[in-house]
Amino acid sequence: MLPLQGNEWDCRATKFAKPIHGLATRRNELKKILRKSLHSQQGHYCAFCGLDMRTRGAQIEHIAPKANDRYPLFMWESKNLILACPTCNGFTKKSTFNSIQNFNAVYHNCIFSIVHPYFDDPDHHFKYIMDPNTNLAYIIAVREINGSPSQKAIQSIKLFGLSLPDMTEERYKDALALSRPLPQFEKLIEEVKTKGYISK
């Protein structure tokens, strides 16, 4: 079997001979299955910035990049696939950044330069500082490991812009939304009924 190429993930049906013109549809179906599987494991939050993806969209991200034929051998590695928000997965941030510090042909033996969503516990690398005015923990900072700042946290914060004002504001919005109790719909319906807005 020939080695994988980095552009196989994004191939279009028009690049192939007519007999296999349905490849793009099969690729999209595979991505749909992958997205559903990743969502069941990961939930609604971006693996890198932690923002809620329900209102921002979720994209399949390769932790070790496939672009520019960098790590095509890891293109289908399960621990290399994660859901990320469009901001973290966009060209303005991670793009083709080489997230592997020390390469090994066995994926889990690679040493990564960023906080890896599967292999690292974010709480060991990041800390959230409580804002005294709002009592919401949305300000991110680097945690120390054995007396030294986590280099993975430093690189992740820089790469994904986690301390930039726009990202901090988005985390604040999410923290504020989570801090508000959900409305008691049954109580609201009864209140509407008793006030005569709708017939009982």
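Student: Is Cys85 buried or exposed?

Tutor: This is a predicted model. Cys85 counts as buried because its relative accessibility is 1%, under the 20% cut-off. Cys88 is buried too, at 0%.

Student: How many disulfides does the model hold?

Tutor: A disulfide is a covalent bond between the sulfur atoms of two cysteines. The sulfurs must lie within 2.5 Å. For Cys85 the closest cysteine sulfur is in Cys49, 3.7 Å away, so the pair is too far apart for a bond. For Cys88 the closest is also in Cys49, at 3.8 Å, again too far. The count is zero disulfides.

Student: Now the helix. Which residues of α4 are buried?

Tutor: In an α-helix, with 3.6 residues a turn, residues three or four places apart point the same way. Helix α4 spans residues 151-160, and its buried residues are Ala153, Ser156, Ile157, Leu159 and Phe160.

Student: What covers the buried residues of α4?

Tutor: The cover includes the helices α2 (86-89), α3 (122-125) and α5 (165-179). Strands β5 (126-130) and β6 (137-142) contribute as well.

Student: What follows α4?

Tutor: Gly161 does, with a positive phi near 65°.

Student: And the loop residue: where is Ser113 found?

Tutor: Ser113 sits in the loop between β4 (111-112) and α3. Ser113 counts as buried because its relative accessibility is 14%.

Terms used. Residues are numbered from 1 along each chain as its sequence is written. This is a predicted model: local features need pLDDT of at least 70, side-chain atom pairs count only at pLDDT 80 or more; totals for chains, interfaces and linings use all residues. Side-chain values use heavy atoms; hydrogens and water are left out. Buried means under 20% relative accessible area, exposed over 50%, partly exposed in between (1.4 Å probe, protein chains only). Helices (H or I, at least four residues) and strands (E, at least two) are DSSP runs, numbered from the N terminus. Contact means heavy atoms within 4.5 Å.
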